[in-house]
Amino acid sequence: MARILILGGGFGGVVAAERLAEQLGDEHQITLVSRSRQFVFYPALVRLAFGKCERDDVSFDLRQSLLNRKVNFIEAEVARIDPFERIVTIAHGEVEGRLGYDYLIFALGRRLATERIPGFYEHAHHLLNVDKAIKFGKAVNTLQEGRVVFGQCPDARLPVPVYESAFALSRLLEEKGKRENVRITVVSPTTLEAELGDEAAAAALKKALDAHQIEFLPNLSINSLTPHSAITSGAAIDFNLLMLVPPFRGSSAASYVGITNQDGYINVDLTMRVVSHERMYAVGDCVNFAGPKMGHMAVRQAEIAANNLAAEIDGHQSLSCYQHQMKFVIEGVGSDSLYLHKDLWKRTSNCEARTFLELGQTCSAEILGSFAYIVQA
C-alpha cells in the first residue's frame, strides 16, 4: 500500500487526486489536505464581481466530492514539511499533528505578497477570492463618477482579470448611461507585447482598449498606495477606485526546505518531480516555471504528475512530460473575445479574435472540464 499525500485544494491538488483515484487500486491511500473545504473556480470571479453569477456558482464543498472518489479530505493548514523523514505537520484545522507519506504532491499555490506594496491592504481591491470579488462588485455598484484604475504589480503574473474587469466596467457603465462620467485606466509594469508575448495579440487588445476608451499606461510599476493615489515608478496616478493584482510569491510552506528559487517557487523537472527529492512532485502556481500562473497550467501539470506518480508506484518509468503553454480568453473585447494560445518554450503562437462561444471547447476545456467533473460528483 502506498500513502499518497496531496497538499492543496485548488485545481492542481484536486485534479491530481482525481486522476490518481482513477489509476490506482483501492489498496492505496490518497489524502488531500486543504486550508478550506471550499473549492473556488477562480476564472469566474470577474463575472461574480459584476453580478453575472452568484457565490454558489463559483464554489462548492470539496469534502463530499472527494469522498465520492475515495479520497480522504482533511481541512487544515500545512505548517511544516520534512521531505527527508516524509512527514508533514498540519495545524489550525479539524486534525492537528504529523502525517506520514510515501509520495507527496505539493499544490499549495502561490502567496499574495501584498506586504511588498505599502497601502495595498487599506486602499486596493483585488479579485483573488470570493469575498474580495463581492466587495469590489459592491464598490462598482456605488460608483457614480471619477477614475477607476485597474492594474497588476511586477511579479503579479495574472493579466487576464485586469483586462476583463476593465471591459466589464465599461460595458456596465454604458448600460447605465454613465460611461462618460468615469475614466477607466489600465496600468501595466510592462508593454502589451511583453505581457502577452505576442505582437498580434497585443495589437488586438490595444485596439479593443481604444474602442472602449480605456486608457492604457505601460511601463509603470505601482510601488505603494495612498487613499487616492497609486505611486508608480514614473508618476502618481489618482483614482477613486482601484483594482490591483499584487505580487505573487511561492507558498511559504516550501520556502525553508531547500527546494525553491529566491521567490519561493518549487524547482521541478518536466515530469513534475521536485528536483533532487525522491517521491515528491509539485504542480500549479507553486512551481518555478516562467510566465503567468493560470488554471489550465495547473490542470495539465496535475495530470502529468498523477500519471508519473502512478507509474512510479507500479515500478515503471515516467510516462509523460509537461509542455508549458499559455492559453487564455479575455472576454468582452467588443462583440468577440481575444484568444491566445502560445507555447512558452517555443517561438510560436496562435492569436485569434473569435466569439466566446466558439472558444468554449478550444481554450478553457481543461479548466471547465475539470470543474464540471468535480461539481457533477
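Predicted model: local features only at pLDDT ≥ 70, side-chain atom pairs only at ≥ 80, totals over all residues.
Colleague: Why is His277 called buried?

Modeller: The relative accessibility of His277 is 13%, and buried means under 20%, so His277 counts as buried. His277 is found in the loop between strand 18 (248-250) and strand 19 (280-282). Leaving aside residues up to four places away in sequence, His277 touches Pro83, Phe84 and Ile259.

Colleague: What makes the pair of Phe289 and Tyr322 stacked?

Modeller: Eight aromatic pairs are found in the whole structure. In the pair of Phe289 and Tyr322, the ring centres are 5.4 Å apart and the planes lie at 15°. Centres within 6.5 Å make a pair, and planes under 30 degrees apart count as stacked, so this pair is stacked. Phe289 lies in the loop between strand 19 and helix 10 (295-313), and Tyr322 in the loop between helix 10 and strand 20 (325-333), 33 residues apart.

Colleague: How do you know that Tyr322 and Trp345 are edge-to-face?

Modeller: Their planes stand at 85°, with 6.0 Å from centre to centre. An angle over 60 degrees counts as edge-to-face. This pair also links distant parts of the chain, with Trp345 in the loop between strand 21 (336-343) and strand 22 (348-354).

Colleague: What makes Arg110 a charge over the ring of Phe248?

Modeller: The charged end of Arg110 is 4.7 Å from the centre of that ring, and the distance limit is within 6 Å.

Key:
Residues numbered from 1 in each chain as written. Heavy atoms only, no water. Helix = DSSP H or I, 4+ residues; strand = E, 2+ residues; numbered from the N terminus. Buried < 20%, exposed > 50% of the residue type's maximum accessible area, 1.4 Å probe, protein only. Contact = heavy atoms within 4.5 Å. Lys NZ or Arg CZ within 6 Å of the ring centre and 35° of its normal.
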